[in-house]
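Here is a short briefing for a first look. Keep the sequence and the 3D view open as you read.

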Amino acid sequence: IAFGHRSSGPKNDRFAGNFKTVIISKCKAYLGLNEEQSSENTCEKVWDAFSGAYVGRDPCDVPMEAYDSLIHAVNPKAACNRMLFWSQTKDIVHQFTEAKKCLLTLEDTLLGFIMDNLTWCSKNGSKETFSTGCPGWSECEKNPVRSFWNRVSAAFAESACGEVTVMLNGSVDTPFRANSIFASIEVKKFSSPKMRALNVILVTRGNDTANCENDSLQNLQAVLDPTLKYTCTEVHRSKIMDCISDPDKPCGACW
Ligand code: DVN
């Protein structure tokens with residue numbers, strides 16, 4: 001009787017309810033901290049558009065376009081000259097943007113912040129959201145999580161303006177990896193004259209495998225809009241870490 005008003009089983013409803021609660025509370029926490037223009041029901045709108053993308057769908061058949069209405073619902077404003085892209089440098093970039101507010105990554109925007117580190121999917125004909133038993137990143141291409149990151153990354157890169165920074169990993173053979181989101185989605189959306197330059201920060205550890213002459217970085221320059229200015233700077237990881245831990249060091253001193 002206690003759950004009599006619910007349309008399906010209480011156990012599943014409770015689970016779906018939890019995921020919705022996580023999304024709404026992360027959304028509210030973000031808006032509270034970031035003083036962004038928002039209305040009373042922004043987070044409810046985010047949930048409706050977000051869940052509408054994948055709930056009831058086969059977890060291997062959610063294309064990136066399913067999240068179009070979510071992007072339109074949020075319509076994030078671009079932060080010209082402050083956008084930081086990354087590939088294979090997740091930990092250091094987020095430590096960096098946490099410490100220094102001069103640059104921001106996708107995960108420092110509303111949608112990226114909410115979904116970072118979460119997994120979700122539904123099933124054909126279901127009303128539920130699951131956080132376990134969902135397809136892995138490469139198990140099928142059109143899974144809800146991968147399509148979400150593809151779609152929000154495309155929107156983030158499309159809005160890129162002014163001087164743009166990307167932190168790449170100099171300790172791997174291929175800092176610019178062809179099937180990364182950065183290479184396969186974001187770089188293709190960069191366009192001048194709105195965007196002026198791409199500045200690569202290649203994070204090295206000394207005795208490293210890659211430098212700015214790396215073949216994959218030649219590929220990056222080759223696929224980039226030729227009217228964009230390109231720079232590449234090798235920066236030792238310890239220099240960035242020192243900068244992160246010293247609140248008195250301005251961003252300009254980090255590389
Ligand atoms: O510029 C950034 C940002 O804007 C973003 O959304 O896209 C860029 C980063 O994506 P990327 O270029 O594909 O960078 P990575 O380091 O190759 O992959 C980033 C993340 O995607 C990984 O950390 C994985 O997320 P996870 O599991 O740590 O939460 C995920 N990922 C990518 N390829 C994967 C994968 N997870 C599992 N298997 C793979 N093959």
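Pro 193 lies in the loop between α7 and β3 (195–204). Helices (H or I, at least four residues) and strands (E, at least two) are DSSP runs, numbered from the N terminus. This is a predicted model: local features need pLDDT of at least 70, side-chain atom pairs count only at pLDDT 80 or more, and totals for chains, interfaces and linings use all residues. Residues are numbered from 1 along each chain as its sequence is written, and side-chain values use heavy atoms, with hydrogens and water left out.

**Backbone in the loops**
- Ser 192 and Pro 193 are joined by a cis peptide bond, with omega about 5°.
- Asn 75 sits in the loop between α3 (68–74) and β1.
- The phi of Asn 75 is positive, near 40°, and Asn 75 is not a glycine.
- Most residues other than glycine have a negative phi, and most peptide bonds are trans.

**Around the ligand**

- A polar side-chain atom of Ser 153 is 2.7 Å from a ligand oxygen atom.
- Trp 137 places a polar side-chain atom 3.2 Å from a ligand nitrogen atom.
- Ile 181 uses a polar backbone atom, 2.8 Å from an oxygen atom of the ligand.

**Salt bridges**
- The whole structure has 3 salt bridges (a side-chain nitrogen of Lys or Arg within 4 Å of a carboxyl oxygen of Asp or Glu).
- Lys 20 forms a salt bridge with Glu 44, with the closest N and O atoms 3.7 Å apart.
- Lys 20 lies in helix α1 (residues 10–34) and Glu 44 in helix α2 (residues 42–54), so the pair ties together parts 24 residues apart in sequence.

Methods:
A polar contact is a pair of N or O atoms within 3.5 Å; within protein, one must be able to donate a hydrogen and the other to accept it, and residues adjacent in sequence count only if both atoms are side-chain atoms.
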